[in-house]
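Have the viewer ready as you read.

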Amino acid sequence: MRVLLLVSAFNGLSQRVWCTLRERGHDVGVLLATGPEDMIDGVRTAGPDLILCPFLKERVPAEVWQNWRTVIIHPGPVGDRGPSSLDWAITDGARRWGVTALQAVEEMDAGPIWATRTFPLPAAPPRKSSLYNGPVADAALACVEEVMDKAADPGFRPIPTDDMPTEVPGTRLRPAMRPEDRGFAWEDSTEHIVRRIRAADGAPGVRTALAGLDVFAYDAHRGPTRAGPPGTLLRRRQGAVLVGTGDGSVWLGHLRAPGGVKLPAARLLGKKLRHVPDAPLPPGVEPETPSAYRQIRYRRNGPVGWLTFDFYNGAMAAGHCRRLLAALRHATAQSTDVLVLRGGTDAFSNGIHLNVIDAATDPAASAWATIRAINDVCREIITCTRQLVVAGYAGNAGAGGVMLGLGADVVAARSGIVLNPYYDIGLYGSELHTYTLPRRVGPETAQRLIDDKLPVGAEQAVSLGLVDEVGPRHPEAYSEWLATLATDLADGPASRSRRAQKARRLAGERVPLDVYEARELAEMSRDMWADRSGFTAARRAFVGKQRPERTPERLLLAPPGPGPEITRPRAAKSGDRRPAVVRPAVPVSA
């Protein structure tokens, strides 16, 4: 089937739908909703059998939905309507929520229903982005699969909304959430404040006052009780600040000034923290309580060491990289047989922190320091021979964040994640990818992945050699599966043999790692300092969330040609695509 994804942005959910449908043999393209006329012209050119809208904020033009079957994936259960569905669900403390696939009509979110799914919500407030990328995305994909089955049935008719039973009580048309609906006072309870901020994470945030500054708050975590006066800056740690509340405290990881970009809280507050004490944690110490805010943790379970890191949105500034490197060196010094390096469930890593770089006095120098720091982490993973290293990709990854773990002995991904193994912001890329990527997938496939700039699902990544193992989708089931995998790899003689083989292979390399890094950094220096590929403009467009003016050609659905359509999984046959950007070839060792 020819399927067109009409979306506001090609986000994680849209990419997951794109990957899944292509793997199942459908011909899938993307059209960004850049304006009514562009949408009408784009749909007419593509001539799809079905239009799916997994992430669409704009109204579908009548000329489109009246002439092509168009199904909206709405992040709310049957009966819910409005643009702030998840915000209201978290704020109100809903214990059950859902996703509905409904046909586009004149009135938004009011069309007949193709499919619906519901799921429980935890008692503790989830972060909106975590809810969207987790249970909402899973339910949305289930709805999409059902829609595809029904679209192939010529006798199917969607069910009018009024005839559909409501599984979640109290659903109704809700207005867009206003700033006053999100507000809180620092005298409120910690639970109330955390819930309000998480309902607005990652956009638009909650406006508040902190240290005399007008800011938007994000990335909230419960802090210790009996901490200090409400609204007072009490401590700082790893870029976050601890603020007093009515019954305790809350850690804020990120802040944004009005009109500015989201930054680590300590970075934005700057001199306001001059007299605020640091609250460091020694490397390798596992906090006793959840209120002990920490981005990196290490623990040991018999022969297996676990180093987990969870950076907000997967973005890594130089400081994040240095802390991770210190923790990695601590972990590799332990007498374990296997080291599991696991990223966050929302994102394993998305590479360098562009917001921090763009806000720096000298962005080029900041970018250079960051890439050197993340390269040190990559080198430590590649050269580790005391343990077998398992990279646990529990969340999506992009650009250098994909390359970060490819030097591990085993790459183990969670089912349903999406990898974007390429660079697309005017940078050649580093992270020693010219060493690791060809060794995993071969030089030709490595170059094709870099040039095609297309997402890869976990299952396809296995067939390419990018990933070794894929575990269950459910986070808890994945954790158990990963623990079993690590324990099996820790088997004494086999583990020692694999480590010895790796040590011999590294010692016998004709081209040392330094050469690969020198080549990459030579290219990167031209991108960062000479701006040869438009890194400055691309970075500013990214951090400023500028909407693209058109859909990239590589994502478009090719116009229907003469003769019958041949359905086949095209994701595994990407060599017929023209590279979107000409770049230097991936160096390969002799």
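1. Asp 214 is partly exposed at 35% relative accessible area (buried is under 20%, exposed is over 50%, and partly exposed is in between, with a 1.4 Å probe and protein chains only). Its partner is Arg 207, and the two side chains meet in a salt bridge at 2.6 Å, N to O. Arg 207 is partly exposed too, with 47%.

2. Before you go on: this is a predicted model, where local features need pLDDT of at least 70, side-chain atom pairs count only at pLDDT 80 or more, and totals for chains, interfaces and linings use all residues. Residues are numbered from 1 along each chain as its sequence is written, and side-chain values use heavy atoms, leaving out hydrogens and water.

3. A salt bridge here puts a side-chain nitrogen of Lys or Arg within 4 Å of a carboxyl oxygen of Asp or Glu. That rule gives 33 salt bridges.

4. Take a look at Arg 44 and Glu 63, with their closest N and O atoms 2.5 Å apart in a salt bridge. Arg 44 sits in helix H2 (residues 36-46) and Glu 63 in helix H3 (residues 62-65), so the pair ties together parts 19 residues apart in sequence. (Helices are DSSP runs of H or I with at least four residues, and strands are E runs of at least two, numbered from the N terminus.) Arg 44 is partly exposed at 44%, and so is Glu 63 at 36%.

5. Is Arg 174 buried or exposed? Arg 174 is buried, at 15%, while Asp 92 is partly exposed at 48%. Their salt bridge has its closest N and O atoms 3.2 Å apart, and it links distant parts of the chain, 82 residues apart.
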